[in-house]
Amino acid sequence: VVLQLTGRPEEFAAYAGTMAAEAVRVEDIASMLRAYSTAYANNPTIDRAIADMDLVYLNGALVYAQDVARMPVASERPTVAVFTQRYIPAMKSVDMLRNEIISATFGSMTATRTEARHAVLISAGLGGLVILVLTGLALVLRFGLFSPFDAARQQINDIANGDFAEPRPVRHLGLELQDMFAKLSFLRSQQKAKHKLELERHDIVEQLKRLSETDPLTGLFNR
């Protein structure tokens, strides 16, 4: 509009077309800002700033600028000083809206950063809890299941190899494992008694063999 007011008369119509196109572009931007505020911002301060821009700039200063751009008679047009004196103050509402959007954006970024930090701390805490649970489970499995079964395997090997000595007691067992070790103890005692009977039988057989081959009085071989 300022270029229209200061330019040559033959250029006035071309500037008027440019002004109309720019006005449409400004309206499109304002529509996008309204949609953004409704869908994402949800900020009463931004809503008030948009309403103020609509009232002061879009429905005030911009309409005034369009009216000036369409004035065909040069004598009816305001001077540059008069135009800027009325138009420029209305731009403050646009600056206020821009500042509110920037402030809200930074506030949202800060809140998001804080939430992300909290999420990281929560994730780290949950991760540590999972590690503790898994470590506890591993210890329970080791001392409550793997170690008793390893001890049972060793006792079975000892019994099979003829070692009937009482093993070290295995502590902190469940009822099922206690029953298993009680049966191993019973098996050990049976095998020990059987082994003892076998030794005694072997001694008797040897004595009978010796008696059948030698004279019990002289100890000489029978002829």
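Phenylalanine 83 is buried, since its relative accessible area is 4% (buried means under 20%, exposed over 50% and partly exposed in between, with a 1.4 Å probe and protein chains only). Before we go on, note that this is a predicted model, where local features need pLDDT of at least 70, side-chain atom pairs count only at pLDDT 80 or more, and totals for chains, interfaces and linings use all residues. Residues are numbered from 1 along each chain as its sequence is written, and side-chain values use heavy atoms, leaving out hydrogens and water.

Across the whole structure, a search turns up 3 aromatic pairs. Rings of Phe, Tyr and Trp (its six-membered ring) pair if their centres lie within 6.5 Å; planes under 30 degrees apart are stacked, over 60 edge-to-face, and the rest tilted. Here are two of the pairs:

| Pair | Centre to centre | Angle between planes | Type |
|---|---|---|---|
| Tyrosine 57 and tyrosine 87 | 5.8 Å | 65 degrees | edge-to-face |
| Phenylalanine 83 and tyrosine 87 | 5.3 Å | 15 degrees | stacked |

Phenylalanine 83 and tyrosine 87 both sit in helix α4, 4 residues apart, or about one turn of the helix. Helices are DSSP runs (H or I, at least four residues), numbered from the N terminus. Tyrosine 57, on the other hand, is in helix α3 and tyrosine 87 in helix α4, so their pair ties together parts 30 residues apart in sequence. Is tyrosine 87 buried or exposed? Tyrosine 87 is buried, at a relative accessible area of 16%, and tyrosine 57 is buried too.

**How the two helices meet**

The axes of α3 (residues 44–69) and α4 (residues 80–87) come within 10 Å and cross at roughly 165 degrees. Axes are lines fitted to C-alpha atoms, for helices over the stretch in contact, with angles from 0 to 180 degrees between N-to-C directions. The two helices are therefore roughly antiparallel (that label takes angles over 145 degrees). Which residues make the contact? From α3 come Tyr57, Ala61, Leu62, Tyr64, Ala65 and Val68, and from α4 come Val82, Phe83, Arg86 and Tyr87; contact means heavy atoms within 4.5 Å.

**Over in helix α5**

Leucine 97 belongs to helix α5 (residues 91–160). Leucine 97 is buried, with a relative accessible area of 2%. Leaving aside residues up to four places away in sequence, leucine 97 touches Leu33, Ile46, Ala49, Ile50 and Met53. Leucine 97 and isoleucine 46 are 51 residues apart in sequence, yet 6.6 Å apart in space, C-alpha to C-alpha.

Definitions and conventions
Parallel < 35°, antiparallel > 145°, perpendicular 65-115°, else oblique.
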